[in-house]
Amino acid sequence: MATPSPNPHLSMSINGGATVSAGWAATQPRRRRTVDHSSRSCLLRPSYGSTRGFGTRRIAVRSASQKNSSPPLMTTEQEAEDEVVLESPAHFRIYKSGKIDRLNRPPVLPAGLDEATGVTSKDVVLDADTGVSVRLFLPKLQEPSKKLPVVVFFHGGAFFIESAGSETYHNYVNSLAAAAGVLVVSVDYRLAPEHPLPAGYDDSWAALQWAASAQDGWIAEHGDTARLFVAGDSAGANIAHEMLVRAAASGGRPRMEGAILLHPWFGGSKEIEGEPEGGAAITAAMWYYACPGAAAGADDPRLNPLAAGGPVLEELACERMLVCAGGKDVLAARNRAYYDAVAASAWRGSAAWLESEGEGHVFFLGNSECENAKQLMDRIVAFIAGG
């Protein structure tokens, strides 16, 4: 696995006169600094309209604790509340008050027939109180009587941005349904920080159970829930892992044939071999605002499945798993460590690994026609088919 090389266009600035501890412990006073690292893609989709990688990124982070450092001077309480504590300039800005600005949002596409692929989509509200919904994608039926595998898909976006209906994910899932000949249930879970985790996990778990129960007419008529898969990219792949853990805790129900983890968002309080300097700190910063109630911080087993006290990997509730990474992704080392741990465990399933050489985080969303993206889609299709 290639080690990411320094990227001068990407920096993490530590605000408030303190360094960020990856474990969110007390901080020590230091001068403000800017750290440049490689492929620091912030676990987000590519900027809208981009064709490769993530371009310029700057993550601004204010530490969660100022116990051992002097806080920045504020003239009014309102100014303090308006302080930016976490920022990815192309995607979002989070304030101390908990408010979030979502920037450069891709358009939301309506459900319906896609003439180019023959895939038809529709939206179903699962919970009117929370607004949680799913978008179903039904490919053109070559054999109307043949039942299709069902893939429950969770979109990425660091738990902060994106939706099942965004142009980014509507187009990707539409392509997946067409290429693999599967019925896809794309989950529109609630987002942090307005709805901190575990809200997104809970919504996804409810959607998975709903899909497995075949309550919807499309699933009942055309779906084969005996061939149920979970899939997702980045934060969505993190959710897919959590669904396997929850299913294991529920006696292996719902039963899942496979899991497809595309560039999964995993982290930890300490950097691991092959992980770029500062990578763990950025993941920890984002996790803090996505899941502020995590007692173990970045070593919460939902973010760091390999941490002490984490899930027993041999109990993951699926029969097969495909883990994919980008060779230049800051998460590549974490992705490989996860795959290696699953493969080395007493889990009775079969695990497969695919690394896209020279590619960054979720590159396939912004450049679906490049050769590596096509190879990745081909591998996913083959995996679902049983290969």
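Predicted model: local features only at pLDDT ≥ 70, side-chain atom pairs only at ≥ 80, totals over all residues.

**Entry 1: a strand pair.** I began with Val124, whose bridge partner in E8 is Val134. I'm using DSSP runs here, numbered from the N terminus: helices are H or I with at least four residues, strands are E with at least two. E7, residues 120-127, and E8 pair in the antiparallel sense over seven bridges. Two strands pair, in my notes, if DSSP finds at least two bridges between them. Further along, I found Thr120 opposite Leu138 of E8. Four residues lie between the strands of this hairpin, and there Gly131 has a positive phi near 80°.

Residues are numbered from 1 along each chain as its sequence is written, and side-chain values use heavy atoms, with hydrogens and water left out.

Entry 2: On to E10, residues 183-188, which runs antiparallel to E8 and is joined to it by five bridges. I looked up Leu136 and found that its bridge partner in E10 is Val185.

How many of the residues of E8 are buried? Seven of the seven in 132-138 are, so E8 is largely enclosed by the rest of the structure. My cut-offs are relative accessible area under 20% for buried, over 50% for exposed and partly exposed in between, with a 1.4 Å probe and protein chains only. I checked both faces of E8: Val132, Val134, Leu136 and Leu138 are buried on one side, and Ser133, Arg135 and Phe137 on the other.

**Entry 3: the whole sheet.** I traced an open sheet of eight strands with mixed pairing, in the order E7-E8-E10-E9-E11-E12-E13-E14. E7 and E14 (350-356) stand at the edges with a single partner strand each, so one side of each has no neighbour in the sheet. From one strand to the next, the twist averages 20°.

Helix H3 (residues 199-213) packs on this sheet and touches E7, E8, E9, E10, E11 and E12. The direction of H3 makes about 155° with that of E11. For such angles, axes are lines fitted to C-alpha atoms, for helices over the stretch in contact, and the angle runs from 0 to 180 degrees between N-to-C directions. Contact means heavy atoms within 4.5 Å.

Entry 4: I checked the loop between E10 and H3, where Pro193 lies. The peptide bond from Ala192 to Pro193 is cis, with omega near 0°. Pro198 is in the loop between E10 and H3 too, and a cis peptide bond with omega about 20° joins Leu197 to Pro198.

**Entry 5: the cores.** A nonpolar core is a set of buried Ala, Val, Leu, Ile, Met, Phe, Trp, Tyr and Cys residues joined through side-chain atoms within 4.5 Å. Which members of the largest one touch the most others? Of its 71 residues, they are Leu136, Phe159, Phe160, Val185, Trp287, Met321 and Tyr338. Not counting residues up to four places away in sequence, Met321 touches several residues, including Leu244, Tyr338, Trp347 and Phe383. A second, separate core has 30 residues, among them Val119, Phe137, Ala352 and Ala373.

Entry 6: His241 sits in helix H5, residues 235-249. Its relative accessibility is 1%, so His241 counts as buried. Leaving aside neighbours within four places in sequence, the contacts of His241 include Leu261, Phe266 and Tyr338.

His263 is in the loop between E12 and H6 (279-290). Its phi is near 50°, a positive value in a residue other than glycine. With a relative accessible area of 0%, His263 is buried.

**Entry 7: helix H9.** Last, I looked at H9, residues 371-385. The buried residues of H9 are Asn372, Ala373, Leu376, Met377, Ile380, Phe383 and Ile384. They cover an arc of only 140° around the axis (taken from the directions from the helix axis to the C-beta atoms), which puts them on the same side of H9. Turned away from that buried side are the exposed residues Glu371, Asp378 and Ala385. After H9 comes Gly386, with a positive phi near 115°.

Terms used:
Expected span 1.5 Å × (residues − 1).
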